[in-house]
Amino acid sequence: MARLAFICAFLFLFPFWTLADTEPKKKIVAKRIDEPIGLDGILSEKAWMDAMVADGFTQFMPKPGEEPAFSTEVRILYDDRAIYVGAILEVEDKSQISKQLFERDQIDDETRTDWFAVAFDTYMDGINGSGFIVGPSESQADIKFSSEGDDMSWDAVWDAKVSLQEGYWSVEMEIPYSALRFPDSEEQTWHVQFMRKNALYNEESFWNEIDPNTNGFFTQAGILEGIRDIKSPVRLSATPFLAYYAENLYDPDAKPRSSWGNTLNGGMDVKFGISDAFTLDMTLIPDFGQVRSDNQVLNLSPFEVRFDENRQFFTEGVEMFNKAGLFYSRRVGGVPLRYDEIEDCLREGEEITFNPLTTRLYNATKISGRTAGGTGLGFFNAVGARMFAEIASQEGESRLVETNPLTNYNVFVIDQNLKNNSYVSLVNTNVLREGDAYDANVTGTEFFIRDRNNAFYIEGSSALSQKMYTDSTDTGYKFNVEIGEGKGLIQWELGLNVESDRYDPNDLGFIFNNNEKSLRGSIRINQYDAFGPWLRMGGGVYARVSSLYRFPDSNFEQYRKNLFTETGFELWWNGTLKNFMRFGLSSYFQPVEEYNYFEPRVDGRFYVQVPFLSIRGRFGTDTRKKISLDAHMGGYVTREPGRKGWSAEISPNIRVNDKFSLSWETELSYQFSDEGYVTDFGEDEIIFGKRDVRNITSLLRANYAFSTNHTFSFRLRHNWARVHYLSFHELLLDGSLCASDYNENQDINFNAFTIDAVYRWRFAPGSDIFIVWKNAIIGEEERSDVSFGENLSGLFHNPQVNSFSVKVLYYLDYLDVKKKFTRNQH
């Protein structure tokens, strides 16, 4: 508590965070119109000619601060319903306009297209905002900006048209006020930034100059003025959906080999603007059957695998709930609480016939927004159903065993914007379970304070976790603080992190392990000015030392003299040539033995890992070419002879034409004489093994855009892991290994094969039809005597699941429905 009091006092007694003034910002004044704009991509209306022009763009890449190759002019109009952005983007020749089609929101650095974008920070907090992107093919993307990162899953309803002309291309955007949140005031003043990508020159430029050596996007944006007397409209929309699934389970060893099932699901997503600043999002009877497959792997570590969140409701508009890093949305509707305990419930002669891996959700609700004073509020709530496993006896009788009680998940956030792009947040996560199952609560804070020059900063977080059982409560805490300089040629940081041995946020959050104290620091140099053959270059050094927070309660404390666990140093360098070839090199060195308290899986026991050195290099070719390539290669060696490893990854990207693109990622790794946990017979007999581990992962992606509203994507991933044990050893009390007579077969041949094929038709604004085929083969055998080719030939003899589905979503906006109803009455 004394540490928390110190941090709070430090925040209030921080007088030097108001140093030099920032650079003057460009300004543009919007023009009100009374006549509607004909949205056709041609700025032919007189209102466009009378509007103020924003020009004089500056390069961000590849030559920061210099003039771009071609000029850009932007104008802004508005009326009572929407804001309109018009842009004229000069080019040398119409044929030089890059116009690759892409699926809605699916744009990245590999997409070979020009684009124009506008971003608004309507509350002028320098942190949060929204952006709208359109390419020459009229493909669109939108994005939410926040201190937690950029959210490309946000899907607003707006429109844009493009016209391609000799010597330029032009854009008209219509962004309804229903897609924005802004203060309830007579006159609006917003941060605004205009951006342009010229793919031919690999050039990105901004209206208000962005310094790559300075943190902060909206703090380096311009000012939009002149918007008066506008009101936030009634923001009420519903997206009902209907989904049909046909699923086939094929098992060559079962009778029958093939079985079919089908389901018809329906539900609705609702959005309601509670006020000009706050929005309620709700999903009723959610359906996630078409969500992209997880990247399954063979997990030999003592830690849980963290999977990405692919469910749109949990990726869109959740930036506020990610404050302090306490919310891991995969817990909501995740693995049932007692999923792994069902085998302990088996009686003689019984077997598990059905044990669901996920929890069904009844509903989920989000309320979020920000006041004109910069106070952000977020409320999330979801209800998970009771789940049951089915157990059958040899006589054919079956019974149900509860694996998950009725569960309520809740997150509450208060986030206050401060001066100089700074903020402070309070977060509370809570899980309430029906019956005698334990409940959990985590309360945390997060702050980020920058000086006025956006150079020096201090950031930190703290949290208190509680697990509440019927007769006791387990309490733990963590805190983290970091200071640094984030501006200029040379930047640095120094941080401290502490997690107590009882800190556990994993009921609604995620950590790999607790019981740790660590001190870290880094220095990095970024040179963005070209010199010699180099366009830009950077590098740095990182150092870390860690220890246990406290020794685990056990009988083994006498075998360690201190709490030290590990120390390590990393060096890295990267550079880009003027022909846009990219290179990188990194090295990590652990000079002394590491005391690993997690690999033995028994409290108080530790395993001593030998020092090692790893080196990794990479290079990439010019992404403007039809065929580009990224490659990585590395390896490590240890002090122990024969114990080493290597890895390599190659990723060719092929742009066949403006509609069709392919990419193939292949990663190979081999660990020789790796050591790790195998099994144990109580805390005094822990078996380790020396093993060769081979891993090959392949990922094929193909994207075809029939048009801006008709797209097809194909994703095939295969992970093969083979583990061959060379010998077995017993873990001694001093952390070393000795020979063991244990000799059971622990070899593994693991496969995870998935296909996700998705056709998407956006047939109306915000409305889609998805046709999806998913295939999954997940299998594991106790053998290692197969080559990659032999394994691949037998892959499809394993049980597999094929799912075919059609989902229709239709977007209904209250104002559009009201307008049509009124028109029909007249």
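# A tour of the predicted model

No disulfide, meaning a pair of cysteine sulfur atoms within 2.5 Å, turns up in a search of the whole structure. The model is predicted, so local features need pLDDT of at least 70 and side-chain atom pairs count only at pLDDT 80 or more, while totals for chains, interfaces and linings use all residues. Residues are numbered from 1 along each chain as its sequence is written, and side-chain values use heavy atoms, with hydrogens and water left out.

Stop 1: Select Cys345, which is partly exposed at 31% relative accessibility. Then select Cys738, also partly exposed, at 26%. Buried means under 20% relative accessible area, exposed over 50%, and partly exposed in between (1.4 Å probe, protein chains only).

**Stop 2: salt bridges.** The whole structure has 51 salt bridges, each a side-chain nitrogen of Lys or Arg within 4 Å of a carboxyl oxygen of Asp or Glu.

- Select Arg338 and Glu402, whose side chains meet in a salt bridge at 3.6 Å, N to O. Arg338 is in the loop between helix 3 (312-315) and strand 18 (351-354), and Glu402 is in strand 22 (residues 398-404), 64 residues apart. Helices (H or I, at least four residues) and strands (E, at least two) are DSSP runs, numbered from the N terminus.
- Select Asp474 and Arg502, with their closest N and O atoms 3.8 Å apart. Asp474 lies in strand 27 (residues 473-485) and Arg502 in the loop between strand 28 (490-499) and strand 29 (516-527), so the pair ties together parts 28 residues apart in sequence.
- Select Asp768 and Arg760, which form a salt bridge at 3.1 Å, N to O. Both Asp768 and Arg760 are buried.

**Stop 3: a nonpolar patch.** Select Phe569, Trp573, Leu585, Phe589, Leu613, Ile615 and Val637, which make a nonpolar surface patch of about 610 Å². Patches are made of residues with over 30% relative accessible area and no salt bridge: like charges are joined within 9 Å, nonpolar side chains (Val, Leu, Ile, Met, Phe, Trp, Tyr) within 5 Å. Strand 31 (564-577), strand 32 (582-590) and strand 35 (612-620) each supply at least two of the patch residues. Leu613 sits in strand 35 and is partly exposed, with a relative accessible area of 34%.

Definitions and conventions. Areas by Shrake-Rupley, 256 points an atom, 1.4 Å probe, with all protein chains shown as cover.
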